[in-house]
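Please look at the sequence and the structure first.

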Amino acid sequence: GKNIFIIDNSDHKIINKMKLESVPSSLSCQGAYEGDYKIFAACRNEIIYIITSTGISQNIIQVCSHIINVIKQDKG
């Protein structure tokens with residue numbers, strides 16, 4: 001469904017779960033869970049949701065066509 005699960009790499013247990021308004025079709029992640037992280041979730045409703053350590057951000061990216069993939073690119 002519409003859930004994002006964050007899984008501990010060492011013991012493969014779910015450590016966090018968030019529910020989005022639409023089904024994600026692509027994810028792009030940066031950072032570490034213990035520190036500052038962001039997950040960009042491109043969904044089927046043509047919205048990219050931004051998930052941080054504080055939850056799902058109110059800031060969203062609305063596009064006007066179907067999203068195929070999301071790739072994070074650094075400056076430079």
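Leaving aside its neighbours within four places in sequence, which residues is Ile6 in contact with? With contact taken as heavy atoms within 4.5 Å, the partners of Ile6 are Lys13, Ile14, Ile15, Asn16, Met18, Tyr33, Tyr37 and Ile39.

## Basis of the model

The model is predicted: local features need pLDDT of at least 70, side-chain atom pairs count only at pLDDT 80 or more, and totals for chains, interfaces and linings use all residues. Residues are numbered from 1 along each chain as its sequence is written, and side-chain values use heavy atoms, with hydrogens and water left out.

## Strands and sheet

Strands are DSSP runs (E, at least two residues), as helices are (H or I, at least four), numbered from the N terminus. Two strands pair if DSSP finds at least two bridges between them. By this rule, β1 and β2 pair in the antiparallel sense over 5 bridges, and Asn3 stands opposite Lys19 in β2. These two strands form a hairpin with 6 residues between them.

## Nonpolar cores

A nonpolar core is a set of buried Ala, Val, Leu, Ile, Met, Phe, Trp, Tyr and Cys residues joined through side-chain atoms within 4.5 Å. Buried means under 20% relative accessible area, exposed over 50%, and partly exposed in between (1.4 Å probe, protein chains only). The largest core has 11 residues, among them Ile4, Ile6, Met18, Ile39, Cys43 and Ile51. The elements that give it two or more residues are β1, β4 and β5, and β4 gives the most, with 4 residues.

A second, separate core of 6 residues includes Ala42, Ile48, Ile67 and Val70. Ile67 lies in the segment after β6 and is buried, with a relative accessible area of 15%. Although Ile67 and Ile47 are 20 residues apart in sequence, their C-alpha atoms are 8.3 Å apart in space. Beyond its neighbours within four places in sequence, Ile67 is in contact with Ser25, Ala42, Cys43, Glu46, Ile47 and Ile48.

## Positive phi in two loops

Most residues other than glycine have a negative phi. His12, in the loop between β1 (3-7) and β2 (14-19), has a positive phi near 60 degrees; this residue is exposed, with a relative accessible area of 60%. Glu46, in the loop between β4 (37-43) and β5 (47-52), has a positive phi near 65 degrees and is partly exposed, with a relative accessible area of 22%.

## Cysteines

With a disulfide defined as a pair of cysteine sulfur atoms within 2.5 Å, the count comes to 0. For Cys43, the nearest cysteine sulfur is that of Cys29, 13 Å away; Cys43 counts as buried at 1% relative accessibility. For Cys64, the nearest cysteine sulfur is that of Cys43, 17 Å away; Cys64 counts as exposed at 76% relative accessibility.
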